[in-house]
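Colleague: Could you walk me through this model? I would like to ask about its fold, its core and a few single residues.

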Amino acid sequence: VTIDSKGSNDRATVLMPPAFEGTFNLRTSNAQPNVISDEVEDPSGEGRPRQITWNRFGNGANGQVTWGTPRSKPKSWVHIESSNSPVTLYLRDV
């Protein structure tokens with residue numbers, strides 16, 4: 001999965017299913033980006049824990065979502081960018 005979304009003067013929101021595993025980069029000019037997640041069970045049924053690590057810096061954030069052991073090369077990536085409006089990445093059940 002690869003998502004590269006850019007907008008201007010309106011909210012930028014992306015909803016990823018629980019099985020998402022990869023990196024993300026969020027940017028906006030006038031707000032702090034948000035990552036919202038729910039506790040979900042391993043979609044593979046293997047009981048692996050989901051790990052979400054991310055850092056906010058100014059009006060941006062980047063991070064990674066993994067199931068179990070982090071991979072050296074993530075499977076997917078998400079880039080969301082907006083001018084003048086909030087940016088939100090949802091990591092939850094659809």
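Modeller: Happy to; the questions below go from the whole chain to single residues.
This is a predicted model, in which local features need pLDDT of at least 70, side-chain atom pairs count only at pLDDT 80 or more, and totals for chains, interfaces and linings use all residues. Residues are numbered from 1 along each chain as its sequence is written, and side-chain values use heavy atoms, with hydrogens and water left out.

Colleague: Thanks! How many helices and strands does the protein have?
Modeller: Both are DSSP runs numbered from the N terminus: helices are H or I with at least four residues, strands are E with at least two. Along the sequence the pattern reads β-β-β-β-β-β-β-β. The count is therefore zero helices and eight strands.

Colleague: What radius of gyration does the protein have, and what would a compact globule have?
Modeller: The radius is taken over C-alpha atoms, and the globule rule is 2.2 Å times the number of residues to the power 0.38. The C-alpha atoms fill a box of roughly 40 × 25 × 20 Å along the principal axes. For 94 residues a compact globule would be near 12 Å, and the protein agrees with that at 13 Å.

Colleague: What share of the contacts with a separation of 6 or more comes from residues 24 or more positions apart?
Modeller: A contact here means heavy atoms within 4.5 Å. Among contacts in the protein with a separation of 6 or more, residues 24 or more positions apart account for 76%.

Colleague: In what order do the three strands of the open sheet lie?
Modeller: Strands pair if DSSP finds at least two bridges between them. S2 (12–16) and S4 (34–37) are the edge strands, each pairing on one side only. The pairing is parallel, and the order is S2-S8-S4.

Colleague: How many bridges join S2 to S8, and which residue is the bridge partner of Leu15?
Modeller: S8 covers residues 87–91 and runs parallel to S2, with five bridges joining them. Val14 stands opposite Leu89 in S8. For Leu15, the bridge partner in S8 is Tyr90.

Colleague: Which residues of S2 form its covered face?
Modeller: Thr13 and Leu15 belong to the uncovered face of S2. The covered face holds Ala12, Val14 and Met16.

Colleague: Which residues in the largest nonpolar core touch the most other members?
Modeller: A nonpolar core is a set of buried Ala, Val, Leu, Ile, Met, Phe, Trp, Tyr and Cys residues joined through side-chain atoms within 4.5 Å. Of the 14 residues in this one, those touching the most other members are Met16, Phe24, Leu26, Val78, Ile80, Leu89 and Leu91. The elements giving two or more residues to this core are S2, S3, S6 (60–67), S7 (76–83) and S8.

Colleague: Which residues is Ile80 in contact with, leaving aside its neighbours within four places in sequence?
Modeller: The list includes Ala12 and Val14, which are also on the covered face of S2.

Colleague: Is Thr28 buried or exposed?
Modeller: Thr28 lies in strand S3, residues 22–28. Buried means under 20% relative accessible area, exposed over 50%, and partly exposed in between, with a 1.4 Å probe and protein chains only. Since its relative accessibility is 8%, Thr28 counts as buried.

Colleague: At what distance does the side chain of Thr28 reach the backbone oxygen of Ser82?
Modeller: Ser82 is in strand S7, and it counts as buried because its relative accessibility is 2%. A polar contact is a pair of N or O atoms within 3.5 Å; within protein, one must be able to donate a hydrogen and the other to accept it, and residues adjacent in sequence count only if both atoms are side-chain atoms. Here the distance is 3.2 Å.

Colleague: Where is Asn9 found, and what is its phi?
Modeller: Most residues other than glycine have a negative phi. Asn9 is found in the loop between S1 (2–8) and S2, and it is exposed at 53% relative accessible area. Although it is not a glycine, its phi is positive, about 65°.

Colleague: And what is the phi of Asn84?
Modeller: Asn84 is placed in the loop between S7 and S8. It is partly exposed, with a relative accessible area of 41%. Its phi is also positive, near 70°.

Colleague: Last one: how far apart in space are Glu39 and Glu81?
Modeller: Glu39 sits in the loop between S4 and S5 (50–57), and it is exposed at 83% relative accessible area. Glu39 and Glu81 are 42 residues apart in sequence, and from C-alpha to C-alpha the distance is 26 Å.
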